[in-house]
Amino acid sequence: MHDKYGRAIKSFRISVTPECNLKCFYCHREGHGCGKDTLMKPDELGKIVHSALDFGVKKIKISGGEPLLRTDIVEIVENIVHEQIIDISMTTNGILLEKYAEGLKKAGLDRVNVSLDTLDPEQYKEITGGNVDKVLKGIEKAIEVGLTPLKVNYLAMKCNLDQLPKIMDYCSKVGAILQVIEFIPMEEELKEQHVDVNKIEEEISKDAVDVVTRKFMQNRKKYVLKNGLEVEFVKPMDNTEFCGHCTRIRLTYDGQLKACLLRDDNLVDVLTPIRNGEKDIKKYFVECIDNREPFCK
């Protein structure tokens, strides 16, 4: 199915919890402390995801908060798996990844994205409150069990810009893909941390031996460097390319279909109808897709 702007629906990102075990200074932590009754159960998530398949969805991304805080996360993956889905991935901070990697792989998870803003233990603790060694062990365990291609998500900010070369070297060493993500400041006092990612991309492109444009991923570019490292750039801020080629719909942790990453004013409740006994929930997807329009035009 296509929305009214001709954009196909290919991907479905689902949040399974708003809770997190880190306290990143840049996170607005919306929804922390929610009641357990607001969270979707594994079978409910399975029903919603499988209904999305009728609209062209082929890829599923599991996120949070921190999804590995769900003690039933392996069961969630098992409920999502379907023969029509070609890729199930997860975004995680990696703190608990070493513990869950093998079980997730056996359950049907294909790959993971791991957030890593710095390799410096002290700076990592300052930014997140956590232990970077646990993240690195999680990354290496995930690669070992085959949750690949593993992507490292590096959020480019002024405070950690000097870490980029070190993270590039680390990704090259372990065989991970690097995603450089533009920081979107949600609060006025954080605007000073914003970095022009275009300048970083321009510098990295000079060392590229190949450039791939990912047509169904907002036309973002992937640069292949001389040492084999692959580097992608994610730039959702004021980006007409990002919006104009968006193929994703989203599901909030409390069961609301979300048409746009940058909007919360047109959500569609799909969990309540399921809990009220509705068997066919496709009309809620139709409503969500009809709500889709480019945020940046």
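Guide: Helices here are DSSP runs of H or I with at least four residues, strands are runs of E with at least two, and both are numbered from the N terminus. The model is predicted: local features need pLDDT of at least 70 and side-chain atom pairs 80 or more, while totals for chains, interfaces and linings use all residues. Residues are numbered from 1 along each chain as its sequence is written, and side-chain values use heavy atoms, without hydrogens and water.

Visitor: Where does Cys 24 lie?

Guide: In the loop between β1 (11-15) and α1.

Visitor: What makes Cys 24 buried?

Guide: Its relative accessible area is 12%. Buried means under 20%, exposed over 50%, and partly exposed in between (1.4 Å probe, protein chains only). Cys 24 is therefore buried.

Visitor: Why does Cys 27 count as partly exposed?

Guide: Cys 27 also sits in the loop between β1 and α1. Its relative accessibility is 34%, so Cys 27 counts as partly exposed.

Visitor: Which "binding site" does UniProt list with Cys 24?

Guide: The unreviewed UniProt entry lists Cys 20, Cys 24 and Cys 27. Such annotations may be inferred rather than shown by experiment.

Visitor: Which "binding site" list in UniProt holds Arg 248?

Guide: The unreviewed entry gives Arg 13, Lys 61, Thr 91, Lys 151, Arg 248, Ile 249 and Arg 250. Arg 248 belongs to strand β10 (residues 248-251).

Visitor: How do you know that Arg 248 is buried?

Guide: By its relative accessible area of 11%, so Arg 248 is buried.

Visitor: Why does Ser 63 count as buried?

Guide: Ser 63 is in strand β2 (residues 59-63). At 6% relative accessibility, it therefore counts as buried.

Visitor: What is Ser 63 in contact with, leaving aside neighbours within four places in sequence?

Guide: Arg 13, Ile 14, Ser 15, Val 16, Thr 17 and Thr 91. Contact means heavy atoms within 4.5 Å.

Visitor: Why are α1 and α2 called roughly parallel?

Guide: Helix α1 (residues 42-52) and helix α2 (residues 73-80) pack at about 30°, with axes 8 Å apart. Roughly parallel means under 35 degrees (over 145 is roughly antiparallel, 65 to 115 roughly perpendicular, the rest oblique). The two helices are therefore roughly parallel. Their crossing is right-handed.

Visitor: Which residues in α1 and α2 meet?

Guide: Pro 42, Asp 43, Leu 45, Gly 46, Val 49 and His 50 in α1 meet Glu 75, Ile 76, Asn 79 and Ile 80 in α2. Five residues of this contact are nonpolar, three polar and two charged.

Terms used
Axes fitted to C-alpha atoms, helices over the stretch in contact; angles between N-to-C directions. Left-handed = near helix turned anticlockwise from the far one by under 90°. Nonpolar A, V, L, I, M, F, W, Y, C, P; charged D, E, K, R; others polar.
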